[in-house]
Amino acid sequence: MTASSSPSLADLLHAAVTAVGGTERPGQVTMAESVAEAVDGNSHLLVQAGTGTGKSLGYLVPALAHGERVVVATATLALQRQLVERDLPRTVDALQPLLRRRPQFAMLKGRSNYLCLHRLHEGVPQDEEEGLFDPFEAAAPSSKLGKDLLRLRDWSDETETGDRDDLTPGVSDRAWSQVSVTSRECLGASKCAYGAECFAEAARERAKLADVVVTNHALLAIDAIEGAPVLPSHEVLIVDEAHELVSRVTGVATGELTPGQVNRAVRRAAKLVDEKAADALQTASESFERLMELALPGRLEELPDDLEYALMALRDAARTVISSIGNTRDKSAQDEDAVRKQALASVESIHAVAERIVEGSEYDVVWYERHDRFGASLRVAPLSVSGLLREKLFSERSVVLTSATLKLGGDFNGVGASLGLAPEGTGGADSPEWKGLDVGSPFDYPKQGILYVARHLSQPGREGSRTDMLDELAELVEAAGGRTLGLFSSMRAAQAAAEALRGRLDVPILLQGEETLGELIRNFAADPRTCLFGTLSLWQGVDVPGPSCQLVVMDRVPFPRPDDPLMSARQKAVEEAGGNGFMAVAATHAALLMAQGAGRLVRASGDRGVVAVLDPRLATARYGGFLRSSLPDFWYTTDRNQVRRSLAAIDGAAKAEGR
């Protein structure tokens with residue numbers, strides 16, 4: 001190769017795939033070419049790449065070849081790890097001789113993911129207890145919290161990153177909160193005694209020097225929403241697991257007020273302001289707490305007068321405290337700056353949420369939520385994040401969004417609309433142009449899997465037991481010889497099914513929540529006879545190829561709950577604009593979850609099995625076709641005897657191979 005000629009994308013991809021021990025797939029090549037075209041042409045691409053395509057190399061190789069800085073944002077920790085620990089190091093090694101440069105990469109997360117040395121050494125500015133360890137824990141660190149804190153202290157001497165996710169086994173949220181700060185609580189590197197050795201600052205510095213920065217959707221959202229840039233400037237943004245982006249951005253843009261949080265702010269601020277300001281905040285806090293005791297869950301389309309007065313009082317008292325915290329000095333406080341900063345952060349967040357709710361934007365949804373353990377909370381979230389995404393994400397850079405599930409009901413327009421994009425091919429002056437591409441999957445779905453819909457069952461109602469569904473589930477699990485991943489629409493349904501089947505079948509049934517997710521998945525994969533039951537949150541993280549997972553069961557179509565305030569408000573807004581709210585919101589939500597759930601079955605080219613949906617509406621309802629066309633192209637049947645025979649045959653074949 002001459003010095004001037006640059007290597008072809010095909011050569012680069014071949015080198016990278018060989019380095020990670022994979023095989024090139026036609027879909028991966030198509031994807032890499034389209035990503036290169038989008039990045040070089042500064043345009044936008046939505047690409048659906050099924051399981052087994054090798055999509056991370058499909059975007060990393062063209063992005064590294066392009067030579068500009070790239071940010072890759074993912075939703076799950078597992079994928080971040082895979083990129084930083086496996087895919088990127090090997091790809092960079094493989095491409096270096098061809099590119100004649102060595103691209104650098106780094107991981108960047110939000111500040112609270114990193115150990116704060118200031119907190120660790122100076123202690124937390126406590127509300128009640130003083131210092132990090134109370135004397136009992138220091139003398140006999142036998143409590144769980146005491147043990148966790150001692151372990152964190154030891155770990156701080158050996159960790160190079162200070163990244164919570166590098167600590168194994170992990171510690172409780174409570175322990176971590178004692179040694180970490182939010183960006184609002186941070187003193188800032190220049191004012192902090194530990195600024196020079198700060199883990200979060202070091203991660204930022206590494207990111208500034210890197211060609212590829214791996215981050216998460218939440219940090220991407222903070223970067224877009226809060227206006228203070230957290231990520232280094234970049235020419236290319238790649239969003240992997242892009243089906244999750246809207247809900248992660250919504251999460252970041254959601255504000256919450258709880259009596260506990262307001263009380264903490266009052267306690268933190270009381271010592272730092274004059275009595276009058278402290279009393280006003282205390283009084284406002286008490287009247288807010290009284291209202292919250294009576295709060296009934298549900299959306300507040302109009303703010304009740306008493307709540308509006310309480311929030312105004314809270315907002316005004318918080319504003320007074322914020323302006324006077326800066327003027328007082330507290331001689332008794334050790335490490336006064338940290339105490340002040342923490343108090344300020346808590347009061348500012350209350351001020352911001354109270355003001356937002358009182359102002360009552362037509363683009364916000366406000367509701368009460370009740371939680372068995374934590375009591376009531378008042379929440380506010382944007383009706384839609386599509387305008388925000390269109391304006392903040394697509395205007396400055398080339399964006400590639402990829403996932404195994406972006407095409408719902410046969411096209412990309414549903415997902416496109418949620419991201420603020422006009423239908424494909426119709427972009428105008430204020431709406432970015434984009435292209436959708438489905439590179440397929442290397443798997444032969446009609447031969448490898450069956451989609452079975454239990455058409456004969458009764459429709460699931462709101463409440464009440466589904467005895468016919470449990471009978472059907474037991475028969476299917478028995479025919480499959482275990483090997484079942486049960487995905488349920490609620491934790492209550494998963495628990496009821498696990499209890500019922502543990503009494504009836506002679507196979508081990510693991511239940512989400514009884515152990516850590518990682519532990520459950522390992523145990524499920526290790527023994528083919530074992531079943532694992534859980535909820536929607538389990539659907540994303542399970543990657544179990546082979547005979548341990550040959551039956552995936554969904555108990556019902558996972559529509560949002562009718563009393564979900566945000567979803568029902570979004571549905572209503574679509575209807576008021578003349579659209580079909582049910583299809584745009586509820587059916588799209590269900591299609592995405594079902595596609596993710598069904599995607600758990602076939603993870604490798606040798607996998608065989610059945611996805612069973614125990615909800616007749618998938619076969620009988622008008623929207624059934626839309627949902628089915630969002631699933632992999634399995635062989636479809638409603639014949640229960642046929643499915644039992646198929647499951648028994650798959651089980652027999654696996655046993656014959658001794659698995």
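These questions and answers walk through a predicted model.

Reader: What pLDDT does the chain average in this predicted model?
Author: The model is predicted, and pLDDT gives the predictor's confidence in each residue. At least 70 is the score of 94% of the residues. The chain average is 89.

Reader: Which residue in S11 is the bridge partner of Leu45?
Author: Strand S1 covers residues 44–48. S1 and S11 run parallel, and 5 bridges join them. In S11, Leu45 has as its bridge partner Lys435.

Reader: Where does Glu241 lie, given its positive phi?
Author: Glu241 is a residue other than glycine, yet its phi is positive, near 50°. Strand S5 spans 236–239 and helix H11 spans 245–252. Glu241 lies in the loop between S5 and H11.

Reader: Is the crossing of H2 and H3 left-handed or right-handed?
Author: Helix H2 holds residues 26–40 and helix H3 holds residues 55–66. Among the contact residues are Met31 and Val35 of H2, and Leu57 and Tyr59 of H3. The crossing of H2 and H3 is right-handed.

Reader: How do the residues of the contact of H2 with H3 divide?
Author: H2 brings residues including Gln28 and Asp40. H3 brings residues including Lys55, Gly58 and His66. The division is 8 nonpolar, 3 polar and 2 charged.

Reader: At what angle do the axes of H14 and H15 cross?
Author: H14 runs over residues 305–325, and H15 over residues 336–359. Their axes come within 8 Å. The crossing is left-handed. The angle is roughly 145°.

Reader: How many residues of the contact of H14 with H15 are charged?
Author: Residues of H14 in this contact include Leu311, Arg315 and Ile322. Residues of H15 include Leu344, Glu348 and Val358. The contact counts 14 nonpolar residues and 1 polar. The charged residues number 6.

Reader: Which peptide bond is cis, with omega near -10°?
Author: Look in the loop between helix H7 (144–158) and helix H8 (173–177). Pro169 has its place there. The cis bond runs from Thr168 to Pro169.

Reader: Why is one side of S14 left without a neighbour in the sheet?
Author: S14 belongs to an open sheet of 7 strands, in the order S14-S15-S13-S16-S17-S12-S18. The pairing is parallel, and the twist averages 20° from one strand to the next. S14 (509–511) stands at an edge, so it has a single partner strand. That partner, joined by 3 bridges, is S15.

Reader: Which helix packs on the sheet, touching S12, S13, S15, S16 and S17?
Author: This helix covers residues 467–480. Its direction makes about 170° with that of S16. The helix is H19.

Reader: Why does the pair of Phe582 and Tyr623 count as tilted?
Author: The whole structure has 7 aromatic pairs. In this one the centres are 5.3 Å apart. Planes under 30 degrees apart would be stacked and over 60 edge-to-face. The planes here stand at 55°, so the pair is tilted.

Reader: How many residues apart in sequence are the parts that Phe582 and Tyr623 tie together?
Author: Phe582 lies in helix H23 (residues 581–598). Tyr623 lies in the loop between helix H24 (617–620) and helix H25 (624–628). The pair therefore ties together parts whose separation in residues is 41.

How values were computed: Residues numbered from 1 in each chain as written. Predicted model: local features only at pLDDT ≥ 70, side-chain atom pairs only at ≥ 80, totals over all residues. Heavy atoms only, no water. Axes fitted to C-alpha atoms, helices over the stretch in contact; angles between N-to-C directions. Helix = DSSP H or I, 4+ residues; strand = E, 2+ residues; numbered from the N terminus. Left-handed = near helix turned anticlockwise from the far one by under 90°. Contact = heavy atoms within 4.5 Å. Nonpolar A, V, L, I, M, F, W, Y, C, P; charged D, E, K, R; others polar. Pairing = 2+ DSSP bridges. pLDDT = per-residue confidence, 0-100. Phe/Tyr/Trp six-rings, centres within 6.5 Å; stacked < 30°, edge-to-face > 60°.
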